[in-house]
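Could you walk me through how this chain is put together, from its overall fold down to a few single residues? Please keep the cut-offs in view along the way.

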Amino acid sequence: MSIFCESSQKLAKEAKRTADLLVSPYNEDLVQVICREVRLSQGKADAVMAIMQQRSDPQAPPEPDHIAQLLLQYMAIKRNKRVLFSYHRQRMEKLKELSWNVGLQSEYQRDIKSSLGPNEHRFLEDYTEIVNNYKHNFPELDLGGNGGVDLAPPTDLIIEVRVIKDGGEVMTESGSVLNISKGNQFYVRRTDVEGLIKSGYLKHVH
């Protein structure tokens, strides 16, 4: 006897087990099995509804076993759909992260492509194109590498910072030289000092 929604339970466990991987191989077979189970459950529910609608007395309450069968099938449908949604949502979020991380996507290009499902190839290509078009609109911002995933969105280009740790003289990407001496405070381009802020030398003065 099979376990209730056994296939979706397997897929849910697989998603949890592979959550830390870059992109796990798409389980096409198990996804298709669950889709067939959804259609089968819907067919059984429709059959029960047809029987209930053919009662000689429409005003009479439905048979308890018919209600139980309907609930069972609808619970199975809901469970299977939720697992399918969660599985594909998790994979979609990973692909979106890869679209921002050009270096990672290039380094593992072969492994990534071999792990994608039939519709995921198109999604990754289209979303990457959107990300690239967005980056081109802001050439003054450093959105390469990890795409600024770990940084808060900038509210302005010039910010005020205070030196909280000595670092000597530093030449920025724009060519200006900063004297990183504790206590100094100045206005600079955000993109010039993001690394120094993350490294703990500077503090953004809000």
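## Ground rules

This is a predicted model, so to speak of local features pLDDT must be at least 70, and side-chain atom pairs count only at pLDDT 80 or more, while totals for chains, interfaces and linings use all residues. Residues are numbered from 1 along each chain as its sequence is written, and side-chain values use heavy atoms, with hydrogens and water left out.

## The chain as a whole

The chain has 7 helices and 5 strands. Both kinds of element are DSSP runs numbered from the N terminus (helices are H or I with at least four residues, strands are E with at least two). Read from the N terminus, their order is α-α-α-α-α-α-β-β-β-β-α-β.

Of the 206 residues, 32% count as buried. Here buried means under 20% relative accessible area, exposed means over 50%, and partly exposed lies in between, with a 1.4 Å probe and protein chains only. Taking contacts (heavy atoms within 4.5 Å) between residues at least 6 apart in sequence, 65% join residues at least 24 apart.

## Two nonpolar cores

A nonpolar core is a set of buried Ala, Val, Leu, Ile, Met, Phe, Trp, Tyr and Cys residues joined through side-chain atoms within 4.5 Å. The largest one has 10 residues: Ile159, Val161, Val163, Leu178, Ile180, Phe186, Val188, Val193, Leu196 and Leu202. Two or more of its residues come from each of strand E1 (158-163), strand E3 (177-180), strand E4 (185-189) and helix H7 (190-199). E1 gives the largest share, with 3 residues.

Beyond its neighbours within four places in sequence, Ile159 is in contact with Phe186, Tyr187, Val188, Arg190, Val193, Ile197 and His204. There is also a second, separate core of 9 residues, including Tyr26, Val31, Val83 and Leu84.

How many cavities of 30 Å³ or more does the structure hold? There is 1, and the largest cavity has a volume of about 30 Å³. For the search, a cavity is a set of points on a 1 Å grid over the protein atoms alone where a 1.4 Å probe fits but cannot get out, and lining residues have an atom within 4 Å of a point. Points are joined across faces, edges and corners, and the volume is the space filled by probe spheres set on them.

The lining consists of Thr18, Ser24, Tyr87, Gln90, Arg91 and Lys94. By class, that is 1 nonpolar, 3 polar and 2 charged residues, where Ala, Val, Leu, Ile, Met, Phe, Trp, Tyr, Cys and Pro are nonpolar, Asp, Glu, Lys and Arg are charged, and the others, Gly among them, are polar. Ser115, in helix H5 (residues 109-115), touches Ser24 and Arg91, as well as Val23, Pro25, Tyr26 and Glu120, leaving out residues up to four places away in sequence. Ser115 is buried, at 8% relative accessibility.

## Ser8, a buried residue in H1

Ser8 belongs to helix H1 (residues 6-17) and is buried, with a relative accessible area of 0%. Not counting residues up to four places away in sequence, Ser8 touches Ile34, Arg79, Asn80 and Val83. A polar atom of the Ser8 side chain also lies 2.9 Å from the backbone oxygen of Cys5. Ser8 and Ala76 are 68 residues apart in sequence, yet 9.5 Å apart in space, C-alpha to C-alpha.

## Two partly exposed residues

Is Ile164 in a helix, a strand or a loop? Ile164 lies in the loop between E1 and strand E2 (168-171), and is partly exposed at 39% relative accessible area. Apart from residues up to four places away in sequence, Ile164 touches Lys182, Gly200, Tyr201, Leu202 and Lys203. From Ile164 to Gly183 there are 19 residues in sequence and 6.3 Å in space, C-alpha to C-alpha.

Lys44 sits in helix H2 (residues 28-53) and is partly exposed, at 43% relative accessibility. Lys44 and Gln73 are 29 residues apart in sequence and 7.2 Å apart in space, C-alpha to C-alpha.

Definitions and conventions. 1 Å grid on protein atoms, 1.4 Å probe; cavity = no way out; pocket = protein on both sides within 12 Å on 5 of 7 lines; lining within 4 Å. Polar contact = N/O pair within 3.5 Å; in protein donor to acceptor, adjacent residues only side chain to side chain.
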